[in-house]
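Student: I have a model open and would like to go through it with you. Can we take it piece by piece?
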Amino acid sequence: MTAVDVAAPGAASRGHDGTRRRRRLSPGARRERNAALRFISPWIVGFLVFTAWPILYSAYLSFTDYDVINDPTFVGLENYREMFQDPKVSLSLWNTLVYTVLQVPLYTVVGLGLALLLNQAGRSAGFFRTAFFIPKMTPPVAVGVLLLLLFNGQYGVVNEVLSWFGIQGPSWTTDQDWIKPGLVLISLWTVGAAVIILLAALRNVPNDLYDAARVDGAGFWRRTRTVTIPMISGAIFFVVVVNTIAAFQMFTEAYSAYFGAGNSTYSNDAALFYVIYLFQEGFQELHMGYASALAWLLFVVIMLVTVVQLLVSRRLVYYEGEQR
């Protein structure tokens with residue numbers, strides 16, 4: 001049997017003269033290919049119309065003065081120059097960065113801790129998996145309202161519980177120093193998604209490794225540090241990357257709590273996240289060209305952070321079977 005005989009249908013091969021030739025697909029292979037293209041064509045059309053085209057068009061709008069009503073007017077790099085001189089851009093970007101630095105590690109650690117506990121739950125694990133994940137289904141707007149109810153400085157549930165231990169709770173929703181910590185804590189309401197992912201990874205750790213560690217006299221914490229975490233580091237890395245991207249796009253909970261219609265009670269400078277300011281410029285002030293430039297800056301920031309995470313992961317993340 002020659003190499004041409006075992007090549008995949010449609011794969012390129014070399015003729016006797018050394019030139020590359022593409023084998024013709026058999027009628028059956030062509031039918032399968034055409035059927036596959038028909039099945040995925042709705043997704044392809046949807047991607048091109050609702051994702052690819054808006055992305056490309058927003059890149060064009062970022063170089064224009066566009067108010068949605070009148071035609072775009074090309075202004076070159078003016079939007080980007082204005083963006084780097086706008087104090088609200090630096091404020092919102094700083095708020096977003098602080099929130100991300102606080103939220104991502106806490107979210108990951110709490111999710112991992114709950115997954116470790118749930119891994120020991122035995123037959124009741126199914127019930128707790130559902131119980132942990134159900135809050136994830138809560139609409140983000142409702143979570144924003146829940147923030148104001150739980151963290152109200154005067155009659156909130158959190159401060160009431162703290163008072164049982166003689167602790168005077170802060171003004172979570174009005175004190176500039178406590179607004180972002182309050183938002184970080186309320187984000188744990190949806191930690192169930194990370195718990196499910198990490199629990200699935202824990203279930204795939206070979207028991208032989210734990211048995212060997214026990215023979216060496218390793219206790220629970222040492223087994224967790226030397227066996228569990230390295231073996232599920234890929235899942236942990238996934239949770240960190242996805243949650244970092246989500247944290248940079250923080251919007252609904254903060255907006256519904258501090259920027260809703262008629263909301264003049266709470267101070268909102270500390271809750272002015274980057275996407276909220278982008279939304280205000282684009283859909284309230286109708287500075288759509290400027291908002292498009294803001295969106296592309298956010299894209300660049302998220303891309304750079306993700307690249308750094310990928311580079312760091314080469315040293316910290318272990319994938320079973322990989323060659324180092």
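Student: Which helix gives the largest share of the lining of the largest pocket?
Tutor: That is α12, with 6 residues of the lining. Keep in mind that this is a predicted model.

Student: Which other helices supply at least two residues of that lining?
Tutor: Besides α12, the helices α4, α6, α8, α9 (192-203) and α13 each supply at least two.

Student: How much space lies in the largest pocket, and which residues are closest to its centre?
Tutor: The space is about 520 Å³. The lining has 25 residues, and those closest to the centre are Y107, K136, T190, N243 and A246.

Student: On to confidence. What pLDDT does the protein average?
Tutor: The average is 86, and 89% of the residues score at least 70. Residues 1-9 have a pLDDT below 50. That stretch has 6 contacts in the model beyond near neighbours in sequence.

Student: Now the packing. Which residues touch the most other members in the largest nonpolar core?
Tutor: M83, V89, L183, Y258, Y274 and L294, in a core of 39 residues.

Student: Which helices supply at least two residues of this core?
Tutor: α3, α4 (87-119), α6 (140-150), α8 (179-187), α12 (233-248), α13 (252-258), α14 (274-284) and α15 (288-316) each do. The largest share is from α15, with 8 residues.

Student: What does Y274 touch?
Tutor: Leaving out residues up to four places away in sequence, Y274 touches M83, V89, S92, L93, T96, L294, L297 and L298.

Student: How many aromatic pairs does the structure hold?
Tutor: There are 16. Take F63 and Y80: the ring centres are 5.5 Å apart and the planes are at 45°, so the pair counts as tilted.

Student: Why does that pair tie together parts that are apart in sequence?
Tutor: Because F63 lies in the loop between α2 (27-61) and β3 (64-65), while Y80 lies in helix α3 (residues 78-85), the pair joins parts that are 17 residues apart in sequence.

Student: Are F63 and Y80 buried or partly exposed?
Tutor: F63 is partly exposed, at a relative accessible area of 28%. Y80 is buried, at 19%, because buried means under 20%.

Student: Which residues form an aromatic cluster?
Tutor: F251, Y255, F259, F279 and F283 form one.

Student: Q280 next. Where is it, and what does it touch?
Tutor: Q280 is in helix α14. Not counting residues up to four places away in sequence, Q280 touches F259, L272 and E285. F259 is one of the residues in the aromatic cluster. Q280 is buried, with a relative accessible area of 15%.

Student: Last one, R203. Is it buried or partly exposed?
Tutor: R203 is partly exposed, with a relative accessible area of 42%. R203 lies in helix α9.

Student: What does R203 touch?
Tutor: With residues up to four places away in sequence left out, R203 touches L118, N119, A125 and R129.

Student: How far is R203 from I232, C-alpha to C-alpha?
Tutor: Their C-alpha atoms are separated by 9.6 Å, and the two residues are 29 residues apart along the chain.

Technical notes: Residues numbered from 1 in each chain as written. Predicted model: local features only at pLDDT ≥ 70, side-chain atom pairs only at ≥ 80, totals over all residues. Heavy atoms only, no water. Phe/Tyr/Trp six-rings, centres within 6.5 Å; stacked < 30°, edge-to-face > 60°. Helix = DSSP H or I, 4+ residues; strand = E, 2+ residues; numbered from the N terminus. Buried < 20%, exposed > 50% of the residue type's maximum accessible area, 1.4 Å probe, protein only. Core = buried A, V, L, I, M, F, W, Y, C linked by side-chain atoms within 4.5 Å. Contact = heavy atoms within 4.5 Å. pLDDT = per-residue confidence, 0-100. 1 Å grid on protein atoms, 1.4 Å probe; cavity = no way out; pocket = protein on both sides within 12 Å on 5 of 7 lines; lining within 4 Å. Points joined across faces, edges and corners; volume = space filled by probe spheres on them.
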